[in-house]
Amino acid sequence: MRSELAPGSVTLVGGGPGDPDLLTVAAARALGQADVVLIDHLAPDPTTFLRPGAEVIEVGKRPRSADATSQDAINALLIEHARAGRRVVRLKGGDSFVFGRGGEEWLACAEAGIAVEVIPGVTSAVAAPASAGIPVTHRTLTQGFTVVSGHVAPGDVRSTLDWRALAVAGTTLVILMGVKNLPEIVAELIVGGLDAATPAAVVSHAFSAELTVVRTPLRQLPEAAAGISPPSVVVVGDVAALEFTHS
Ligand SMILES: C[S@@+](CC[C@H](N)C(=O)[O-])C[C@H]1O[C@@H](n2cnc3c(N)ncnc32)[C@H](O)[C@@H]1O
């Protein structure tokens, strides 16, 4: 990882799940060198890390909101600022390569001849459960975890996930962007053979004052999560019953 951002380059920075304390050292250093930062709404506030005069551009991407900047427009902004010789940081929530469209941005910049670097971030897929005391693996309970997007409901023609296979995979299931489709997802998992009594949890607004945690058996998950707003991570598996917070 380069310690100095080059003029005319783009650095894709994973900002972690929202708390600036969970930015990596490399992320903080990159922010401190940036001339311009393009920021998503789930990314941490970078203000304290920026040098005077650095420009911050909010590019939204709030799901289904009118203020979201299209991906093409974001790619164009990254290229435009880099071509102007600026040190560009693209700051995202979590990790840029976990449902963060970092790959698309990397390709767009590389195809435009712009030097691109990636600084990985702490993904909410692991950190949000941890904030509720849920380890995504735990010896004797599960030997792995599977991270999926619940953005597209099972049965939707755009879905590429085999939810019934996930039901019998034997790993913890971590679902991002899945609250809206929980009734369909839970139904499919149970039809696929997952015990309806399997522990489940929803962790919402992790690392903020609005943190909400709901724990319930899988069969009751859709009702229990009905009032929960995004961003939320859903955990299904025996580890969801654990609560390693304070000793
Ligand atoms: C577009 S995805 C981006 C994921 C991100 N790149 C990552 O690695 O965490 C957005 C989803 O991440 C999850 N998420 C992000 N931040 C969260 C937080 N602070 N608390 C709970 N879930 C969060 C939610 O499932 C949300 O809908």
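Which residues are the closest to the ligand?

**View 1. The shell around the ligand.** Gly94, Thr123, Ser124, Ala206 and Pro231 are the closest to the ligand, in a surrounding set of 25 residues. A residue is near a molecule or strand if its C-beta atom, placed from the backbone, lies within 6 Å of it. Two or more residues each come from helix 4 (124–131), strand 8 (199–204) and strand 10 (232–236). Helix 4 gives the most, with three residues. Helices (H or I, at least four residues) and strands (E, at least two) are DSSP runs, numbered from the N terminus. By class, the shell holds 14 nonpolar, nine polar and two charged residues. Nonpolar covers Ala, Val, Leu, Ile, Met, Phe, Trp, Tyr, Cys and Pro; charged covers Asp, Glu, Lys and Arg; the others, Gly among them, count as polar.

This is a predicted model, in which local features need pLDDT of at least 70, side-chain atom pairs count only at pLDDT 80 or more, and totals for chains, interfaces and linings use all residues. Residue numbers start from 1 along each chain as its sequence is written.

**View 2. Two domains.** The protein divides into domain 1 (9–122) and domain 2 (125–241). These bounds come from an automatic or database domain assignment. Taken over C-alpha atoms, the domain centres are 28 Å apart. Contacts link 10 residues of domain 1 with 11 residues of domain 2. Contact means that two C-beta atoms, placed from the backbone, lie within 7 Å. On the side of domain 1 that touches domain 2, seven residues are nonpolar, two polar and one charged. The shell around the ligand draws at least three residues from each domain.

View 3. Helix 2 (residues 71–83) has 13 residues. From first C-alpha to last it reaches 18 Å, close to the 18 Å expected at 1.5 Å a residue. The expected span is 1.5 Å times one less than the number of residues. Ile74, Asn75, Leu78, His81 and Ala82 are buried in this helix. Seen down the axis of helix 2, the buried residues fall within an arc of 135 degrees, so they line one face. The arc is that of the directions from the helix axis to the C-beta atoms. Asp72 and Ala73, on the other side of helix 2, are exposed. Buried means 20 or more other C-beta atoms within 10 Å of a residue's own, exposed means 12 or fewer, and partly exposed lies in between, with C-beta atoms placed from the backbone. The buried residues of helix 2 pack against strand 1 (9–14), strand 2 (36–39), strand 4 (88–92) and helix 3 (102–111). Just after helix 2, Gly85 takes a positive phi of about 85 degrees.

**View 4. Leu182 in helix 6.** Leu182 is found in helix 6 (residues 182–191). Leu182 counts as buried because it has 23 C-beta neighbours inside 10 Å. Leu182 touches Leu221, Pro222 and Ala225, not counting residues up to four places away in sequence.

View 5. The peptide bond from Pro230 to Pro231 is cis, with omega near 5 degrees. Pro231 sits in the loop between helix 7 (221–224) and strand 10. Phe99 lies in the loop between strand 4 and helix 3. Phi of Phe99 is near 50 degrees, a positive value in a residue other than glycine. Phe99 has 19 C-beta neighbours inside 10 Å, so it counts as partly exposed. Thr140 is in the loop between helix 4 and strand 6 (145–149). Thr140 has a positive phi of about 85 degrees, although it is not a glycine. With 6 C-beta neighbours inside 10 Å, Thr140 counts as exposed.
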